[in-house]
Amino acid sequence: MAPRLQLEKAAWRWAETVRPEEVSQEHIETAYRIWLEPCIRGVCRRNCKGNPNCLVGIGEHIWLGEIDENSFHNIDDPNCERRKKNSFVGLTNLGATCYVNTFLQVWFLNLELRQALYLCPSTCSDYRLEDDIQKEKDYEPQTICEHLQYLFALLQNSNRRYIDPSGFVKALGLDTGQQQDAQEFSKLFMSLLEDTLSKQKNPDVRNIVQQQFCGEYAYVTVCNQCGRESKLLSKFYELELNIQGHKQLTDCISEFLKEEKLEGDNRYFCENCQSKQNATRKIRLLSLPCTLNLQLMRFVFDRQTGHKKKLNTYIGFSEILDMEPYVEHKAEPSKSQTRKPKCGKGTHCSRNAYMLVYRLQTQEKPNTTVQVPAFLQELVDRDNSKFEEWCIEMAEMRKQSVDKGKAKHEEVKELYQRLPAGAEPYEFVSLEWLQKWLDESTPTKPIDNHACLCSHDKLHPDKISIMKRISEYAADIFYSRYGGGPRLTVKALCKECVVERCRILRLKNQLNEDYKTVNNLLKVAVKGNDGFWVGKSSLRSWRQLALEQLDEQDGDAEQSNGKMNGSTLNKDESKEERKEEEEELNFNEDILCPHGELCISENERRLVSKEAWSKLQQYFPKAPEFPSYKECCSQCKILEREGEENEALHKMIANEQKTSLPNLFQDKNRPCLSNWPEDTDVLYIVSQFFVEEWRKFVRKPARCSPVSSVGNSALLCPHGGLMFTFASMTKEDSKLIALIWPSEWQMIQKLFVVDHVIKITRIEVGDVNPSETQYISEPKLCPECREGLLCQQQRDLREYTQATIYVHKVVDNKKVMKDSAPELNVSSSETEEDKEEAKPDGEKDPDFNQSNGGTKRQKISHQNYIAYQKQVIRRSMRHRKVRGEKALLVSANQTLKELKIQIMHAFSVAPFDQNLSIDGKILSDDCATLGTLGVIPESVILLKADEPIADYAAMDDVMQGKDEFVLGICWLGVRRRWDFTYWSVNIQYFYF
């Protein structure tokens, strides 16, 4: 079948030769593509959306032919969730709890620990299933021991393939979405378990953790002079082995136990010799636990990144580990103590394992079965019965889905053959509904054809691409089974829409010819009163406007009724689109005045002939029409005369004010507080905002509104007091005020309305010559509001989102003194030539003087006074970078730790080697923000780097516990062999 665009053109090709009033039923059926040939299965690979008779590729292929019953449902076989015979029970990973599940399996496989936990008294032993209330409630363990008891009982006798440990994880307060350090978890939980069981009366329960997991070693120091041994006994639950530089587990153990020489400054004080002597120190294993936990230290500190990194070194280990050569015997030393350890059969090699658990082998035959207590077994039986009920329910749901699918299969096979309409009576149904009817994963909804209706409540011709023509027999069955409507029969073909579409297509084809005709008509002069007024802008773009209007009319069907099957367009989106369309001017609306009449400006319109207007009116029938004899808007004429009168009045007022205040307008001969004029003792103050707005009006009286009042209230606080001191008005606040001579003030009071009078008076105090001069302001300064303003200005300096600061690295042999840096925190490591000299008080900063010179100021009120002050906060001198200094972009809410990471990337200095200071103040709180530490924009922070640590082991100790690592379980293997001198192995693999 031809592509959809070709079918679209073929369906409307007749419109080129047929006028709208000549449209017949044959043309309507051609537009709706009633008689297109249907597609054949096997020939047409996918559905042809341009052909309503194509019923291929709508989802029928999954129903035709034989179908597997499993395709009728998405329910897995419940027997897959059942525990297989002689297999272990798994644990559900709740997100990032694989490390917890690993230890639960390890502890469960420890029969002695399991037996001891079963013997631990529990409140759940009073639980009775015979009670009706208890039957309705699920059992909830209250303590950690009860959680372990219940989990171990389920792992032992549950019928499920895996169980959920969420209750145990929740009791520990662990975050299921965050992976924790498995080694740290092992230490903390074993400590918690040991503390909990230590309160039990039964010694087998009380001491089980120490019996199974606790060993003992001694730190032995031997004096080389007298041979005296000093021992410090210590218990351990795991051995931490360094793997760097080793390939075998036995080498790691040997390094752990090797001797360390104490010489030089590190000599040992011998109590026997009563002096410092050379000595050796080592660790001696005195006893090993039944379960030996070996921690492989795979994480070391990387100085380049400032973080720990994982060592992917391959470590070889055997399933059987001979620990006899490493353990100190109380008897005489034998030859076996000097021989190398044996490596049993079954060796492994891993680059990811960092925890190995070995189990002691004994010659005695252990009790391989642990009996579950009766009260726990009842709980397990109850859980098993729930699981069986669930399996029966899932099997029934599967059966119902299969029966429903078979019935749907028969329905589709029957109706699909009767779908094609041919020459018999037909109806239209949406393609989307047919596809959902054939989709086995979604339930079939009632038929909804409202989305494809035109404004005449019939089938829109442009919607035919998403509709399918089916037989009346199939339509009757669909509507009887699924309901819906309205039904679209042969009477639903809309003649009005076809005629309108024919008119639009003919206008599109005729547009280019009419464009040339109108251009020729515009060249002819209009005689008499036969012309019409048309906007010049509309004439320049009338062809584009006509084409857009025709396209909009042609595309109304795509947005008229929204999407199919009841979903509608977003109301907010449709409102926004309507607003945008209303804002766009239509043809000839550019000469409309605000009152809807002809505008008074003849420069915006042009007179065209009657023939040209008739051509344009074919494309814009709703355009406003203004014959040449049409009068302009009377209201606009009145407003124009009033505007001219106001403009003349404004010019007269501006000229009068300019003449009255020439120096204020030209900014000449202005008084200065820092250099008080001798010929007056009083100066008046107005807002600089008033002066600037007044100058704008005087310069351009026709464009700006006149200034009628002096708003000095913006310079006062809510209590009526002045917000500025005399000193501040000579410096940073001088940009906010304008000084007025007494003679000018008299003229200002005549020309403007003054809300508050603000003046500065100079008085001479004392009889001594020369006398002391004082300056008094009226109204007086408000100290409280002035202090609040200063605090707000300082707060603004510490509330920035992106600012530049400078970090200067101090050379080691140069001391940094607090007083060696000027106001801008320039470090003492700079030379005298590099330092900027501080400017004297009152001297203008050229950078600051140019920053706000042309900015527009807003009128100030009591409420927004502080916001207005933010625009004129004065910075210190512009900083100039020196050698050894780098600029960093920071924010006020950024922590010091984050800044240290930035400095590490800029200077290659690790965070713990950085000593930062500002103005002599040491910055040490890593959690504090830069704003609270007093770091403001353009600050200079001094960096003093410590010497690098040569001892990598000590460096690793510094970073111990600083980082957490992502862990995951890969494999857990269990092997049992019985031998007195060897250890069997439970091997855990963890992946970072």
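## Loop between H22 and E22

Asp667 sits in the loop that runs between helix H22 (662–666) and strand E22 (682–687), where helices (H or I, at least four residues) and strands (E, at least two) are DSSP runs numbered from the N terminus. Although Asp667 is not a glycine, its phi is positive, at about 55°. Asn669 is found in the loop between H22 and E22 as well, and this residue, also not a glycine, has a positive phi of about 55°. With a relative accessible area of 55%, Asn669 is exposed, on a scale in which buried means under 20% relative accessible area, exposed over 50%, and partly exposed in between (1.4 Å probe, protein chains only).

## Basis of the model

This is a predicted model, in which local features need pLDDT of at least 70 and side-chain atom pairs count only at pLDDT 80 or more, while totals for chains, interfaces and linings use all residues. Residues are numbered from 1 along each chain as its sequence is written, and side-chain values use heavy atoms, with hydrogens and water left out.

## Cis peptide bonds

Gly485 and Pro486 are joined by a cis peptide bond, with omega about -5°; Pro486 belongs to the loop between strand E19 (484–485) and helix H15 (495–522). A cis peptide bond also joins Glu778 and Pro779, with omega about 0°, and Pro779 is placed in the loop between strand E27 (772–778) and helix H26 (783–797).

## Strand pairing around E9

Strand E9 (residues 279–287) runs antiparallel to strand E3 (residues 215–223), and 8 bridges join them; two strands are taken to pair if DSSP finds at least two bridges between them. Within this pairing, Val220 has Lys282 in E9 as its bridge partner.

Strand E6 (residues 260–262) also pairs with E9 in the antiparallel sense, over 3 bridges. Here the bridge partner of Lys261 in E9 is Thr280.

## Nonpolar cores

The largest nonpolar core holds 73 residues, of which Trp107, Leu148, Leu193, Leu197, Leu249, Leu285 and Leu294 touch the most other members; such a core is a set of buried Ala, Val, Leu, Ile, Met, Phe, Trp, Tyr and Cys residues joined through side-chain atoms within 4.5 Å. Helix H6 (residues 144–157) gives the most to this core, contributing 9 residues. Apart from this core lies another, of 27 residues, among them Ala11, Trp12, Val23 and Phe428.

When residues up to four places away in sequence are not counted, Leu294 touches Leu239, Leu241, Leu249, Leu321, Tyr354, Met355, Leu356 and Tyr358, contact meaning heavy atoms within 4.5 Å.

## Ser728 in helix H24

Ser728 lies in helix H24 (residues 726–729) and is buried, with a relative accessible area of 3%. Its neighbours within four places in sequence aside, Ser728 is in contact with Asp733, Ser734 and Arg786.

## Cysteines

A disulfide is a covalent bond between the sulfur atoms of two cysteines. With a disulfide taken as a pair of cysteine sulfur atoms within 2.5 Å, the count comes to 0 disulfides. For Cys497, the closest cysteine sulfur is that of Cys494, at 3.4 Å, which is too far for a bond; Cys497 itself counts as buried, at 10% relative accessibility. For Cys632, the closest cysteine sulfur is in Cys599, at 6.9 Å, and this separation is likewise too far for a bond.
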